[in-house]
Amino acid sequence: MSTVLAAAAGEMATGEKVVFWILGPIALIGALGMVLARNAVHSALWLVLTMLSLGVFYVMQAGPFIGMVQIIVYTGAIMMLFLFVLMLVGRDASDSLIETLRGQRVAAVALGLGFAGLVCTGVYRALRDTPPAGLEQANENGNVQGIASLLFTKYVFAFEVTSALLITAAVGAMLLAHVERRKEDKRDQAARMRERFAPGNYPGPKAGPGVYATSDSVATPAMLPDGTSADRSISRILPTRELTSSEKTPKGTER
Amino acid sequence: MSDLQLPHINYAALAPMLILFGAACAGILIEAFVPRERRYPVQLGLSLAGVVAAGVAVITQAGTRTITAGGAIAVDGPTVFLQGAILALGLVALLFVGERSLEAGGPFVAQAALIAGSEPDRRQVVRPGATEVYPLMLFAIGGMELFVAANDLLTMFVALEVFSLPLYLMCALARRRRLLSQEAALKYFLLGSYSSGFFLFGIALIYGFAGRVDFAGIHAAALGSDRSNALLYGGLALLSIGLLFKAAAAPFHVWTPDVYQGAPTPVTGFMAACTKVAAFGALLRVLYVAFDRVSWDYRPVLGVVAILTMLVGAVFAVTQTDLKRLLAYSSIANAGYLLVGVLAMSKDGLSSSMFYLVAYGFTVLAAFGTLTLVRDADGEANHLSRWAGLGRRSPVFAAAFTFLLLAFAGIPLTSGFTSKFAVFAAALDDGQTWLVVAGVITSMVLAFPYLRVVVMMWLSEPAESTPTVSIPGVLTSTGLAIGVAATLVLGLVPAPLLDLSTKAAEFVR
Amino acid sequence: MSAGQVALVATLAVPAVGASVVAALPSRADRAARLVGTVAAAVTLVVSAALYRPGDGGWFSFGPNPPAIRPWHDLDVSWASGLDLRFHLGVDGISYPLVVLTALLTLLCCGYTLWHVPDPGRGRLLTALLLAIEVGILGTFLALDLVLFFVFFEVVLLPMYAVIAVWGGPDRRHAARKFVLYTLLGSVLLLVGVFTVVSAAGTGDIVALTAANPLSRGTQLAAFTLLALGLAVKAPLWPLHTWLPDAHTEAPTVGSVILAGVLLKMGTYGLIRVAVGVAPEGARWAAPVVGSLAVAAIIVGSLVCLAQRELKRLIAYSSVGHMGFVMLGIATLTATGLQAALIGNVAHGIITGLLFFLAGAVKDRAHTGLLDDLGGLRERAPGLAGVLGFAAIASLGLPGLAGFWGEAFAVVGSLRRGGPLWSTLAAIAALGGALTAAYFLRLLRRVSHGPASPVVAAMPAGLARPELASWGPLVLLALAVGLVPALVLGMAHDPVQALTEVVNR
């Protein structure tokens, strides 16, 4: 740790340079991949890549605490939670790719690149000859202690007020995502049983999809004794999933 | 390791915010523990009480000039004035939010999570609206209070988020036209987070320049720093983008019409009045306290922004056919007039801008309040053509709305005239003639859309489909009465409030 | 607070209160509401007449450098100290005749409305709006603070718009919109001018500005241009007059009377009091332009009148010509010219008010205003034709009637100013005076003489008593001012002298 600190205080060490030039492009690729990936899970994984790279950067820049927080909390906890939710809810990549404003994407890319170029050259020119300063004082009593003392002295009010932000976020998530079941919609065991054995309902287990020598796909329906295929043996969500049409069409067995 | 020197905290100075956040947390607990049917009166009472209590706490701070909580909070004249303004306007907005007699269950949806248009959604039409909006309102008001009091950029950023997040949420909760409302919320959220990103980036650059983020430190560093000025200007530009976005100044205004239209109307009024106060309060503090030494450099740029804002607001308002969108563009134009006052960069500029914020806030709240009254079977009827002949059907209502529109148009003897006069006079005194000329011309352009509405209401024959004007309940009537009375009184006798704002117009550094 | 100050406030407060009371009364008490409005207008007339203080001067007219404006009564209280706005009212010999004229015409209009409400009814609202307009006009004449002047100037706009747009003729929408567009344009220029003066001088007090003249030459030129342009729209000065014929033609009778009688005077009064008083150097600089435009207005107005085929439109265009004389008088910047402008203002208010009343009466009876369809009025309704003839002759400037003095002295003033330009202008203006006679005589020939046309033959003959009551005072005043011009000139002598001293300082 102390070597890193010493290195960061003065000239940029070779090791840091090497790491930067390796991880920098990777972080950038991750960010681009996150935006460009069609699949939400892929997007999330690209983001994880970027965040990990950033975490390493923080550590390299003598901010071990923030680096670790980045890796443990952001990458480890939040992004994984995100992935869980994506997997549970079901991945749906049916984003509309139609441009409502013509030429919007090209303009956005051009302007974005222009803005990035402007900021980068500006910051680069501004900081070219500027030596880094203040790192020793900041990390005088240790990095974590330094952050703690800032959090509990100078920024104590802002720190406390973030709790309002968290409460709001929690309430918002509840508001926008939670559906309360009405009392009359809740069904007890007896009602369910009655429903199950009500006329018109098939109480037994449904047939599973067919397994044949030519196909063991879940999209292959089972065959009834009279030789017709049983549509009920295929999961209802199969046709709605984002599959190619050849995958989606129920497969018969060639005879 | 040395011991921590815990900062001295002046709790009395922080009391307004603490009261509001406390009341908001209590509101969350009420959501959890109080039976559903009793939540509405309890929540409404609690929020009104919280706002009033915070108002009392603000009044006790009159005359305080202090920096507390480790330098994060500055309580001075402008802080107290603007906090008082936000609370007064917020109280009126709460009255509109709490109204439930106009429509079964109030203007908010019962369960926002239900898919719009689905069978359960159709069933919930008559159910009472979500009461979570009251704590959200309190959080938003509290965040605004902090926003105008923040004395460093980091606290300001946290405050920005604290008051923005509840606004994003409340935008999505309209009872009618839910898809429009959700779209508005999403747009506001995405663009809002984007602008927060700019703000944060600006903080980073400023920190690179000054090595500090508190305003006094930036002020000191602007005098002489060994860092390149590019950091300072770049940082200021990015910071301004974040603030001007909230203030709805062109070219960062594109969210305004859609969001104002989609959000539940009481929330729109709240945003138009209180968010504007908060955003301009913060902008004033940033520009007057931290960056006053480079005012010669940014004034032309912000001047162009001001003119663009006035032009965009005025010109696009002319073509609108929806009243909410019309008022949205008018609010954009008003942001331009406020910028004229801000750019006066003098004590007069500060006091007149603060006066303008209060005067405009009351008028716009009352205007959006009246929009909630004109309804047909599908909810509010905001299309201009539907208002034809409304003056025949309900003259009192139409007269009040006409008066508010005249105030927007800046006709003498309304608060619109005195406030515009105040900012223009301040700008002229400071030699910003070009801004004033643009302001006068655009305000005349802007008079036409308002007059068109007036003509529509009074001179057109009522059609079969002319909607009815609902009889407002106690809450809405009170709110409307306050708004209209303030517009009138500030037009006839502006002196007391002007004196107050002049007395308050001194920042602590 | 002295009695005079109370009267000043009451002059504005009475019609304001009256207007709100009338508007607040329920619609079933329509007639009672109109009665209340008429009473308020009458009280206003009494109070405003009581503002008169003969003699003048007082102790402060002496001394080495007497102020140019010496109001008889003066009320100066802070309105919004933060903005340095003052509620400064005052009345002197220049404004007093116009104040009384305004109060009188409003009373006559309210009384007329008591008897006859134009379509679509709702006379109580019309009365309330008339009173609101009166507040604005009186305030404009009484204001001694630039910002206050502008405020009252603006107050008139919307009620007048409503009067035209609701109770007007078939093409009222268009006319009302044109009126608002032009007047708003004028207001913008006026406002910018006011801003220029206030920010350059640091005060909006007209008395102080006229007395001290703190503005630099450049500012004065800019200020005068802006103020004069803004006021010229209202006056109206050719070529900014095009809103006027439409508005006058489409407005209901009472609206036309107020418009022509006193609303236009806000422009000319403002020019004398504000533009010339505050920026005398600018006035000297721009005088030739204003004078030339004024003469152009006289000629153009007369020529257009000669070709007019509609009664109200003809009278409206005649206003352009008459106001041209007033503007010419102002442009000379001599004591004679300013006096001529003042008395021309008053005379035009009386006579044109009367003419519009008469035109309204003719149109109400014959249901047409086309000159081709009228004729032979003298045989069918001799009373009406007689008054019309009197008014037309007064308007064309027959000596002994009110119209003479303004036109004659404007020409005389221009001649006295000397120099080739002003002499030429005087000559052309005199020619315009002759043209005025021509078109009024044409009007009389068409309407009064000849065989009775079918529409005239079908109309009722007699005059209603309310009509007589509303025309009578105007007829008498036209005679009185014509015979004894000192009624107006006497009280205006001192203030005009003081003003010319300032201008030619």
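A residue is buried if 20 or more other C-beta atoms lie within 10 Å of its own. The views below show a predicted model.

**View 1. His253(B) in its loop.** His253(B) sits in the loop that runs between α9 (229-247) and α10 (255-262) of chain B. His253(B) counts as buried because 24 C-beta neighbours fall inside 10 Å. Setting aside neighbours within four places in sequence, His253(B) is in contact with Ala248(B), Thr309(B), Val312(B) and Ile332(B). Ser331(B) is 78 residues away from His253(B) along the chain, yet the C-alpha atoms of these two residues are separated by 10.0 Å.

**View 2. Where chain A meets chain B.** Here 31 residues of chain A are in contact with 41 residues of chain B. On the chain A side, α5 (104-127), α7 (143-152) and α8 (156-177) each supply at least two residues. Of these helices, α8(A) provides the largest share, 15 residues. By class, the side of chain A that touches chain B holds 17 nonpolar, eleven polar and three charged residues. Two pairs of chains touch, and the pair with the most contacts is A and B.

**View 3. Where chain C meets chain B.** In this view, 19 residues of chain C are in contact with 24 residues of chain B. The side of chain C that touches chain B draws at least two residues from each of β1 (73-80), α5 (146-155), α6 (157-167) and α7 (172-201) of chain C. The most comes from α7(C), with seven residues. This side of chain C divides into 14 nonpolar residues, four polar and one charged.

**View 4. Chains A and C.** No contact joins chain A and chain C. The closest C-alpha atoms of chains A and C lie 36 Å apart.

**View 5. The largest nonpolar core.** This core has 429 residues. Those that touch the most other members are Ile73(B), Leu89(B), Phe147(B), Cys171(B), Ala275(C), Met327(C) and Leu358(C). Helix α14 (residues 335-366) of chain C gives the most to this core, with 19 residues.

**View 6. The surroundings of Ile73(B).** Not counting residues up to four places away in sequence, Ile73(B) touches Phe157(A) in chain A. Within chain B, Ile73(B) touches Ala13(B), Leu14(B), Ile67(B), Thr68(B), Ala149(B), Ala150(B) and Asn151(B), again not counting residues up to four places away in sequence.

Conventions. Residues numbered from 1 in each chain as written. Chains lettered and ligands numbered in written order. Predicted model: local features only at pLDDT ≥ 70, side-chain atom pairs only at ≥ 80, totals over all residues. Contact = placed C-beta atoms within 7 Å. Helix = DSSP H or I, 4+ residues; strand = E, 2+ residues; numbered from the N terminus. Nonpolar A, V, L, I, M, F, W, Y, C, P; charged D, E, K, R; others polar. Buried ≥ 20, exposed ≤ 12 C-beta atoms within 10 Å, placed from the backbone. Core = buried A, V, L, I, M, F, W, Y, C linked by C-beta atoms within 7 Å.
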